[in-house]
Amino acid sequence: MSDQPSSVTSRIPGFYRERIEERLRTMIETGLLSEKSAQHLRDGGRLTLDVADRMSENVIAVHGLPLSIALNFRVNHRDVLVPMAVEEPSVVAAASNAARQVRMTGGFFGEATAPIMTTQVQFDDVPNPRQARARVEAERERIFKVADEAIPGMVKRGGGCRDMDVRVLDEEHGVLVVHLYVDVGDAMGANVVDAVAEAVAPEIREFTGGTVGLRILSNLSIRRRVRLHCEVSADVLGGPDLAEGVVKASRFAELDPYRAVTHNKGVMNGVDAVALAMGQDWRSIEAGAHAFASLTGTYKPLVVWRRTESGIRGELDMPLAVGIVGGSTRVHRGVRAGFELMGVTSAGELAIVMAAAGMASNLAALRALAGEGIQRGHMRLHSRKQEVHENARLQTKAVERGGQ
Ligand code: MEV
């Protein structure tokens, strides 16, 4: 986030009360949003039909969603504006509210691993899978060379093949799978690693025998992870009972997959909303998150909360395969505006901010559930929104009357 103006604050009280035009002005005043992008957003932020027609097939229109900014986020000592595209009411307000509580104890802290994607090559009817595994392992340097030759642009940018695993899945049917781990830099990397899988398959077959099966990335990007933590004091949360309630809710999710899935849905409320706003492949993110959650054989929460002396501490660990180049990051002007606002300069930074949004969403949900319940919070927010709209309507009427 090196180019971000140092004066940027994500704490903008009363933002929700402003009209959309005023909110856009506020965003321009941060120095992040360009006039050009603001104008695009002012016009509705939609894709043109022409661009849409190039992005997909059989296009008949574009489909809209509200694009919002979640406030109050402080991530690794920096304030960051968090674009979110989501249809569900309360998600943005809840995340902003939790981020405000977290920032009082410094914000979110964490790191992303190197951007290592996993790709798989399947072999069937391998005559002697164990022996084949040993032969493939002995040829790793040769396989890496073929892999890198398939992605010269990525290698030039500092990426390339880094590691390999060979797994025998079924001895009887000779099913063997080779994983290649590829550094894809700031790309999401699906195309890059698919190209690698296709390139190395015939080479590897020389050592395995049998037939080549699938050659495709794994959406369980186990080596491309984000780990975050944050703390909230019990006072800020609303008292020791609420702190205790959040920790008990976390324990419930750790003990029960039926609860863990809903807990994780709350995490993904934040992650997916940012993913959508930032033009990311949210299906792959969802698939990866849930596969990771069940990797131990029992479905587990992606975020857990523990009691500290003064409040609670949360920890998140999840795979996040996202990119800041390629995909719709260049063609979609609304996504480009999102990148201006968030100001991230690497895929890892984007992943960290997305994970922070997930953690905030989870905290807000658990706090509400441990306290007054989710419905009352929703209703309060709904009536606050109605009030703001009614005031804006009356103001507009008064201005119109004054002009007559
Ligand atoms: C609703 O979108 C998300 C929640 O169900 C999450 C949770 O139960 O933790 C409130």
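1. The charged end of Arg23 sits over the ring of Phe15, 5.9 Å from the ring centre. Likewise, Arg283 lies over the face of Trp282, at 4.9 Å from the ring centre. A charge counts as sitting over a ring if NZ of Lys or CZ of Arg is within 6 Å of the ring centre and within 35 degrees of the ring normal.

2. The model is predicted: local features need pLDDT of at least 70 and side-chain atom pairs count only at pLDDT 80 or more, while totals for chains, interfaces and linings use all residues. Residues are numbered from 1 along each chain as its sequence is written, and side-chain values use heavy atoms, with hydrogens and water left out.

3. The count of aromatic pairs comes to 1. Phe73 and Phe108 form a stacked pair, 5.7 Å centre to centre and with 20° between the planes. Rings of Phe, Tyr and Trp (its six-membered ring) pair if their centres lie within 6.5 Å; planes under 30 degrees apart count as stacked, over 60 as edge-to-face and the rest as tilted. The pair links distant parts of the chain, 35 residues apart: Phe73 is in the loop between strand S1 (67–70) and strand S2 (74–75), and Phe108 is in the loop between helix H4 (91–103) and S5. Helices (H or I, at least four residues) and strands (E, at least two) are DSSP runs, numbered from the N terminus.

4. Buried means under 20% relative accessible area, exposed over 50%, and partly exposed in between (1.4 Å probe, protein chains only).

5. Asn58 has a positive phi of about 55° although it is not a glycine. Asn58 lies in the loop between helix H3 (49–55) and S1, and counts as exposed because its relative accessibility is 76%. Asn72 also has a positive phi, about 75°, without being a glycine. The loop between S1 and S2 holds Asn72, which is buried at a relative accessible area of 6%.

6. An open sheet of 4 strands has the order S5-S10-S12-S11, with antiparallel pairing. Its edge strands are S5 (109–112) and S11, each of which pairs on one side only. Neighbouring strands of this sheet are turned by 10° against each other on average, direction ignored. Two strands pair if DSSP finds at least two bridges between them; S5 and S10 (residues 225–233) have 4 bridges, and Phe109 stands opposite His229 in S10.

7. Helix H10 packs on this sheet, touching S11 and S12, and its direction makes about 135° with that of S11. Axes are lines fitted to C-alpha atoms, for helices over the stretch in contact, and angles run from 0 to 180 degrees between N-to-C directions. Among the buried residues of H10 are Leu242, Val246 and Val247. Their cover includes helix H9 (234–237) and helix H11 (257–277), where contact means heavy atoms within 4.5 Å.

8. Strand S6 (residues 116–124) is joined to strand S8 (residues 175–183) by 8 bridges, in the antiparallel sense.
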